Amino acid sequence: MTAPRLSRPSPRLLTMGVAVVLALGLLGEGGATDATASTAPIATAPADAAPTAAQRGLRFAPAASTVEAYNYDGWVYFDSGVWMAAYGEGYEFWAKKAKPSARATLTKTVIRGDERTTTKAPAAIVDGLGGFKKGLTVQVTDSTGKVLVKKSRSLCLSGMERQRVEPTGNTEPIYPMFCGGDWFTKSTVSGIEQGWATKLDTYFELKTTRKNLRMTVTISDPVADFLGLPAGGRSVSQRVKVIDECSVVDCGEVGDALLGAPAEGFSTLAEGDAASTHADQVRALASGAHGTHGAGDGAGSSHRANLFTLQGGSQEHGGDHPALGQPGSKPSNKAPAEDTLPDLLSLPAWQIGIERASGTDRLTFNANEWNAGPAPLVVEGYRKGAAEVMDAYQFFYRDGKEVGSTKTGKMKYHAAPEHDHWHFLDFASYELVKPDGSLVTTSGKQSWCLAPTNAVDLSVPGATWRPEATGLDSTCGDRSALWLREVLPVGWGDTYNQTQTQAFNLTGVKNGTYQIKITVNPNGALHELTTDNNVSYRTVVLGGKPGKRTVTVPPYEGVDTEVVN
C-alpha cells in the first residue's frame, strides 16, 4: 500500500518519547515554525480585506527568512516550514482510477463562492493518486553556493498541518490530510480551502558538518503553470540556522532504538557517501500513524485517537458535527431505513507472502473491508457486569443525528500481547478455499477493532473526507472500559495485516492453486444496504516444500499487487 506521507519528528521531539509524539500530534515540529521567505515579494491582502485579482490564487505564504535545523550525530534535520496558501478562492483536486490497472486522472477545481471551474491536469504531471509528479524540489547549498543535495518528489496539496490565513474562509479545513492510496483505491480528494494554507512536505535529512546552509524549495514550472503560480513566486529560499541538538536537550536520552535509516521523501545521500541508516524507526512511526492493523495492532494503530466525522448524504463535506447531547434512541428490531445503512464490501487480498515461525509455514496477506455508504457503520459495546464481554449495538444516523439502534452481537476483550483492547466479533471471515469453493483452512483472526485506516472511494455519496475531525470517536478501549464506539465512515476501509497466528496455517496443505476468500459481515448480523458484494477472491499458487514453501500471486485485473506500490 501507499501510506500517506507524513511529517517526521525531529530528534528533539524523539527525546520526548514516541508515545508523546504520536499522542500529541507533534510530528514535524522540527523547530521550523518561523520558516519561510520568498525569493520575490508576494503581494497579499490584509487579513480583513478581500484579495485583488493579482493577489487571488495559490501562493507561498510569507514568513521569516530563516529556518532552524537540528544537528544530531552528524546528521542535519530540516523542515522548511514552507506553506502554500489559497487566497480569495479554494482549490480542490480529485484523483480517480476507473479500475486498478488504469492510469489515474487528476482534476483541479477552482472554487470562488458558488462558482466552480474544473480543469484536467496533463498526464505528464500526474503521479497516480499521489499528487503532482516531481512537482516539489528541495535544494541545499553551503556558504559558497555549492549544491550539497537536490531532490525532487511529488507535490501533495493536502497536509497534516493547516493554518488559516483569511477570516473569510471556512472555519475548519474540509479536505483530507494526505494524498495517495492503495492498490484498490478508486478516488481521493485533496485541496486547500479558501483562506487556508497547508504546510508542504519538505522534511529533509542530510549528513554534513557544515553550519552555514541555504535551503530552497521550488514548484516545477509545469506544475506551477497548471496551478497558476506567478512566474516570480515559484521558489522560496531560506537561510538555515543549524542548532546542535545536544545543546537543547539531553542527548543521552535518545535511545538507539529510535535511530535507523533516512526516512522516505527528501531523506538523501550523505556528501559523497552511500545512504545512511539514521531514521528507519522515524519512518515506521510516521507511516504507522495511518495504514494497517497488524497481528499486534494495539501499540501503533492510533485507535484511541478521534477518527471520525459523520457526514450525512445531504450535508456538505465539512458540515456540522453530529449534535452533541442529543437524546438517545431506543433499541428496536424494526428494519432501519435504507438511507441510514452502510454498504460493506471486501477488497481482494494483496501483499501476499510466506512466513515460517516455530516450525510452521503460514500464508500471510493484507485484507480490507470498506463502507460504500450511504451511511456510516457505527457499533457500540456495553459491558455486561464484570465479565470481559460487551453487548454490541449497531446505531443508525441520518444527517448527523442518531435515529435508531438494534442489538447486533458481542464485543470481547482481547488480552493477547500487544492487543489489550476490545474486538467486535464476526465482522469478517478469511478462508483459504479450492477453486471449486471447498474449504481448506481458515484464518486465526475472528474479531476486529474497527477504524478507518484507508480511503477507498471518497466520491461515493456521504463520504467523509476528514475522519480525524471528530464528531464520533473510534476507540478500542482498555481492560477497564464499560463502553466503546467503533466506526467505519463512508468511503473508508479497515486494513488488517494477517501474519503470525492470524495467517493461514499451511501444515498439510498441498501445493496447487487456491483462492483467498474474504467475506465481510459473514453472519449477516450487521444491517447493511446489500450483501451481494460482501465476498472477494484472490488466486494464489502454492509450491515448495515444508520449511521452504513458495507462493505465486497472479495479477488482479491487470495489476501486480505484490511489488512495492
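**Exercise 1.** State which strand holds Lys134, and decide whether Lys134 counts as buried or exposed.

*Solution.* Step 1: Lys134 belongs to strand S8, residues 132–142; a strand is a DSSP run of E with at least two residues, numbered from the N terminus. This is a predicted model, in which local features need pLDDT of at least 70, side-chain atom pairs count only at pLDDT 80 or more, and totals for chains, interfaces and linings use all residues. Residues are numbered from 1 along each chain as its sequence is written, and side-chain values use heavy atoms, leaving out hydrogens and water.
Step 1: Lys134 is not a glycine, yet its phi is positive, about 50°.
Step 2: Buried means under 20% relative accessible area, exposed over 50%, and partly exposed in between (1.4 Å probe, protein chains only). Lys134 has 58% relative accessibility, so it counts as exposed.

**Exercise 2.** Find the cis peptide bond and where its proline lies.

*Solution.* Step 1: The bond from Gly373 to Pro374 is cis, with omega near 20°.
Step 1: Pro374 lies in the loop between strand S19 (360–371) and strand S20 (377–383).

**Exercise 3.** Which residues does Leu157 touch?

*Solution.* Contact means heavy atoms within 4.5 Å. Leaving out residues up to four places away in sequence, the partners of Leu157 include Leu58, Met84, Phe93, Phe132 and Leu227.

Note on methods:
Helix = DSSP H or I, 4+ residues; strand = E, 2+ residues; numbered from the N terminus.
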